[in-house]
Amino acid sequence: MPGLPASTAAEWRSSFLRKACCAMPENTSATSVGPGVRRSDRLRWWVFAVVLAADLLDMIDATVTTIAAPVIVRDLAGSDALVPWLGLSYALALGSFLVVGGRLGDRFGQRRTFLIGLVGFTAASLLCGIAWTPAALVCFRLIQGAFGALLIPQGFSILLRTFPRDQLGRVFGLFGPLLAVGSIGGPVLAGLLIQADVLGTGWRFVFLVNGLIGTVLLIAGPRVLPRDTPDPAVRIDPLASAIVMLGLLGVMGGLIVGGESGWGLVPLTALVAGVVLIGCFAALQRSTARPLLAPSLFRVRSFVAGITVGTIYFAAVAGLLYVVSLHLQQGAGLTPFHAAAIMAPLSVGIIVTSFQVRDHIQRLGRRLVLAGTAITLVGVIGLLALILLAPDVPAVLAVPLLVTGLGMGCCFGSLFSTALGDVTEQQAGSASGTLNALQQIANATGAALVSTLFLTLVAESGDNTAATTSLIVIAAILALAAASTSLLPRHAAADHH
């Protein structure tokens with residue numbers, strides 16, 4: 001797994017394959033549920049491990065270029081203008097294709113679509129590792145994002161099919177926070193791998209290691225993942241698919257370009273066109289006999305409430321990470337690796353809290369989400385205070401960042417569990433694709449709006465004013481998220497099954 005020492009990683013891989021193979025006797029008992037097959041107790045967690053490892057690869061790959069991009073462009077003699085697009089190209093393809101990717105799993109089977117996504121993602125990772133120009137690397141990143149959109153939604157669907165309802169709180173209590181740790185830990189991992197210069201590969205090993213781990217998962221996945229039956233009755237409307245993908249492309253592209261380069265005519269036009277297309281898609285879905293998104297999904301209160309609160313919260317968190325990173329590198333003058341090291345307590349906080357609360361998600365319900373949002377808000381206020389009181393000592397920001405991570409650990413798992421807890425297996429593909437697409441849009445929105453505010457204020461008033469004002473805006477968004485938790489069910493859904 002990424003981040004482990006080489007000997008430990010090799011031991012994990014061989015142990016994983018050995019146990020996965022041995023854990024599949026021919027007479028394993030299972031209980032049929034809907035179109036899928038429940039795994040025996042000892043196999044369920046191997047399914048969880050494969051899905052988690054594949055999604056961790058995706059989440060880490062989405063963030064590694066935060067650190068690696070300047071080194072890559074310098075090594076490949078590219079233009080500095082390509083630096084942000086090494087990461088943004090991945091997010092753009094991923095967010096645009098997610099909804100359709102989830103529906104393809106419903107049509108052709110989650111297991112098959114997951115493995116196809118993993119094959120493409122692994123191949124694209126290896127191609128990134130041997131890219132010869134920045135333009136080629138951007139193209140390969142687009143391919144990674146597109147196959148990631150096949151991979152991600154199927155993971156949730158497979159878990160919903162594999163685990164009984166009374167275990168879903170524990171499953172998502174682990175899954176969400178560990179993915180969050182992967183996304184936050186991506187820049188730290190990239191810095192370590194570049195500094196280690198494994199076999200003289202430099203930045204290339206950042207991508208090559210994902211290709212190697214993806215290959216291991218491709219060997220283990222077919223042995224572990226449960227078989228499911230494709231549903232030929234599911235029809236994917238090409239017009240609706242094209243409209244929603246172009247709409248998401250316009251919204252995300254506009255937000256990304258506007259946040260990076262300023263709100264000129266091009267990003268504003270793309271954003272407006274994207275919103276109009278998504279509106280057309282919504283109208284088309286109400287009148288078609290073959291909707292791309294199951295209409296019944298939006299009658300599930302827990303799902304609608306979960307995506308509402310989650311979208312607001314993820315926008316705030318994305319903006320927060322962007323502000324802290326910019327402040328540490330531009331204001332405090334730290335290197336990307338040292339900035340990532342100061343932000344590492346976020347991951348520690350997420351791990352600590354998520355493992356403490358995972359068994360209480362169903363009982364505490366929305367109170368846990370509210371507590372997590374409030375703790376995150378306290379962390380942001382702490383960051384604001386220390387930037388004002390000790391602007392020359394950036395290391396002290398590690399303390400409120402730890403507090404912020406504690407809040408995130410409360411929220412991530414409970415939001416996943418709340419949003420997907422009442423979703424049926426037939427709705428799972430649409431639900432997970434929609435949830436992840438909205439998270440990508442929320443991330444892009446938060447990062448774009450806050451970065452625009454920050455960079456505008458830096459030019460006018462300096463770094464400290466930019467950082468403090470941006471943090472005040474983020475605190476206001478978190479307060480809105482906290483108020484929105486009243487929309488959530490009092491208890492997570494598993495208590496009612």
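**Exercise 1. Packing of H5 and H6**

In this predicted model, H5 passes H6 in a left-handed crossing. Determine how the axes of helix H5 and helix H6 are arranged.

*Solution.* 
Step 1. Helix H5 covers residues 110–129 and helix H6 covers residues 134–162.
Step 2. Their axes come within 7 Å and cross at roughly 150°.
Step 3. Angles over 145 degrees count as roughly antiparallel.
Step 4. H5 and H6 are therefore roughly antiparallel to each other.

**Exercise 2. Salt bridges**

State how many salt bridges there are, and describe the setting of each pair.

*Solution.* 
Step 1. The criterion is a side-chain nitrogen of Lys or Arg within 4 Å of a carboxyl oxygen of Asp or Glu. By this rule, the count comes to two salt bridges.
Step 2. One of them joins Arg-103 to Asp-106, with the closest N and O atoms 3.1 Å apart. Both residues belong to helix H4 (residues 85–108), where they are three residues apart, about one turn of the helix.
Step 3. Buried means under 20% relative accessible area. Arg-103, at 10%, is therefore buried, and Asp-106, at 9%, also counts as buried.
Step 4. Arg-161 and Asp-228 also form a salt bridge, with an N to O distance of 3.9 Å. This pair links distant parts of the chain, 67 residues apart: Arg-161 lies in helix H6, whereas Asp-228 lies in the loop between helix H8 (204–224) and helix H9 (238–261). Arg-161 and Asp-228 are both buried.

**Exercise 3. A nonpolar surface patch**

Identify which residues form a nonpolar patch on the surface, and classify the exposure of Val-348.

*Solution.* 
Step 1. The patch consists of Val-348, Val-352 and Leu-402, which together have about 220 Å² of accessible area.
Step 2. Val-348 belongs to helix H13 (residues 345–357).
Step 3. The relative accessible area of Val-348 is 45%. Buried means under 20% and exposed over 50%, with partly exposed in between. Val-348 is therefore partly exposed.

Notes: Residues are numbered from 1 along each chain as its sequence is written. This is a predicted model: local features need pLDDT of at least 70, side-chain atom pairs count only at pLDDT 80 or more; totals for chains, interfaces and linings use all residues. Side-chain values use heavy atoms; hydrogens and water are left out. Patches are made of residues with over 30% relative accessible area and no salt bridge: like charges are joined within 9 Å, nonpolar side chains (Val, Leu, Ile, Met, Phe, Trp, Tyr) within 5 Å. Accessible areas come from the Shrake-Rupley method with a 1.4 Å probe; for residues, only the protein chains shown count as cover. Helices (H or I, at least four residues) and strands (E, at least two) are DSSP runs, numbered from the N terminus. Buried means under 20% relative accessible area, exposed over 50%, partly exposed in between (1.4 Å probe, protein chains only). Axes are lines fitted to C-alpha atoms, for helices over the stretch in contact, and angles run from 0 to 180 degrees between N-to-C directions. Angles under 35 degrees count as roughly parallel, over 145 as roughly antiparallel, 65 to 115 as roughly perpendicular and the rest as oblique. A crossing is left-handed if the near helix is turned anticlockwise from the far one by less than a right angle, and right-handed if clockwise.
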